[in-house]
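Thanks for coming, everyone. Let me put the structure up, and then we'll walk through a few spots in it.

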Amino acid sequence: MRHPLVMGNWKLNGSKKMVNELIDGLRKELSGVDGCGVSIAPPALYLDQAKHAISGSHIVLGAQNVDVNLSGAFTGEVSAEMLKDVGAKYIIIGHSERRTYHKESDEFIAKKFAVLKAQGLVPVLCIGETEAENEAGQTEAVCARQIDAVLNTQGAEAFNGVVIAYEPVWAIGTGKSATPAQAQAVHKFIRDHIAKQDANVAAQVIIQYGGSVNDKNAAELFAQPDIDGALVGGASLKADAFAVIVKAAAAAKKA
């Protein structure tokens with residue numbers, strides 16, 4: 001049975017002081033909350049500090065990126081083995097910011113997916129369309145193409161125990177959010193697309209929504225049958241707002 005997962009993507013934000021204060025706030029806000037997985041993805045520099053700060057809580061460590069190589073002459077990169085060694089579990093790949101600013105292709109992201117699976121880590125595969133693609137009616141085609149990069153090379157089995165994050169690019173950091181009905185329609189399409197190859201795998205894959213998720217719109221989004229939590233950006237930097245989102249996901253599961 002699927003369980004919701006709410007993950008905080010801190011992006012390029014943080015300091016030693018902020019890590020301790022934010023995690024301390026999260027531990028207090030989320031004490032006694034169950035029924036929803038919780039993960040945070042700080043910048044790589046603070047992963048070890050965050051790991052110690054969340055020790056003993058049900059918050060799981062995540063990371064924002066990974067390289068396709070495990071070791072060698074790749075200056076500035078972080079490997080899957082390193083992330084595993086430091087205690088990270090959920091690794092974000094394919095985020096639109098990586099696709100846009102670092103020109104990462106669907107094929108390159110699929111390689112990252114395979115590397116993470118081989119190390120026993122959980123890929124959080126971000127997919128989603130731009131505003132122009134949305135207006136041109138290409139949402140489903142774009143999502144299918146981004147998923148097929150993995151399906152066609154690794155098969156449907158590769159999506160066992162994996163997280164997909166549908167993030168319409170036009171909604172990230174803009175304050176705009178897809179309506180619950182719009183998001184649900186795309187999430188259902190994603191699940192149905194995988195189900196064409198394996199219905200059992202499709203039924204268990206966690207599909208998060210991301211794109212200006214906040215403490216005001218979370219509950220309505222999570223009420224949809226195919227929305228399994230959220231990948232949260234800006235609101236994950238505030239313990240109280242992030243906690244509201246987690247509690248909304250937990251409540252939706254119990255409803």
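Start with the contacts of Gln146. Leave aside its neighbours within four places in sequence, and Gln146 is in contact with Arg99, Asp106, Ile127 and Gly128. Keep in mind that this is a predicted model. Gln146 sits in helix H7, residues 139–154. Is Gln146 buried or exposed? Its relative accessibility is 5%, and buried means under 20%, so Gln146 counts as buried.

Now stay with H7 and look at its partner. That is helix H8, residues 180–195, and the two axes come within 10 Å. They cross at roughly 35 degrees. The crossing of H7 and H8 is right-handed. Which residues make the contact? From H7, we have Thr139, Glu140, Cys143, Ala144, Ile147, Asp148 and Leu151. From H8, we have Val186, Phe189, Ile190, His193 and Ile194. By type, the residues of this contact of H7 with H8 divide into 8 nonpolar, 2 polar and 2 charged.

Last stop, strand E7 itself, residues 206–209. What covers E7: one face or both? Both faces are covered. Ile206 and Gln208 lie on one side, and they are buried. Ile207 and Tyr209 lie on the other, and they are buried too. So much for the tour; over to you for questions.

Terms used
Residues are numbered from 1 along each chain as its sequence is written. This is a predicted model: local features need pLDDT of at least 70, side-chain atom pairs count only at pLDDT 80 or more; totals for chains, interfaces and linings use all residues. Side-chain values use heavy atoms; hydrogens and water are left out. Helices (H or I, at least four residues) and strands (E, at least two) are DSSP runs, numbered from the N terminus. Buried means under 20% relative accessible area, exposed over 50%, partly exposed in between (1.4 Å probe, protein chains only). Contact means heavy atoms within 4.5 Å. Axes are lines fitted to C-alpha atoms, for helices over the stretch in contact, and angles run from 0 to 180 degrees between N-to-C directions. A crossing is left-handed if the near helix is turned anticlockwise from the far one by less than a right angle, and right-handed if clockwise. Ala, Val, Leu, Ile, Met, Phe, Trp, Tyr, Cys and Pro count as nonpolar, Asp, Glu, Lys and Arg as charged, and the others, Gly among them, as polar.
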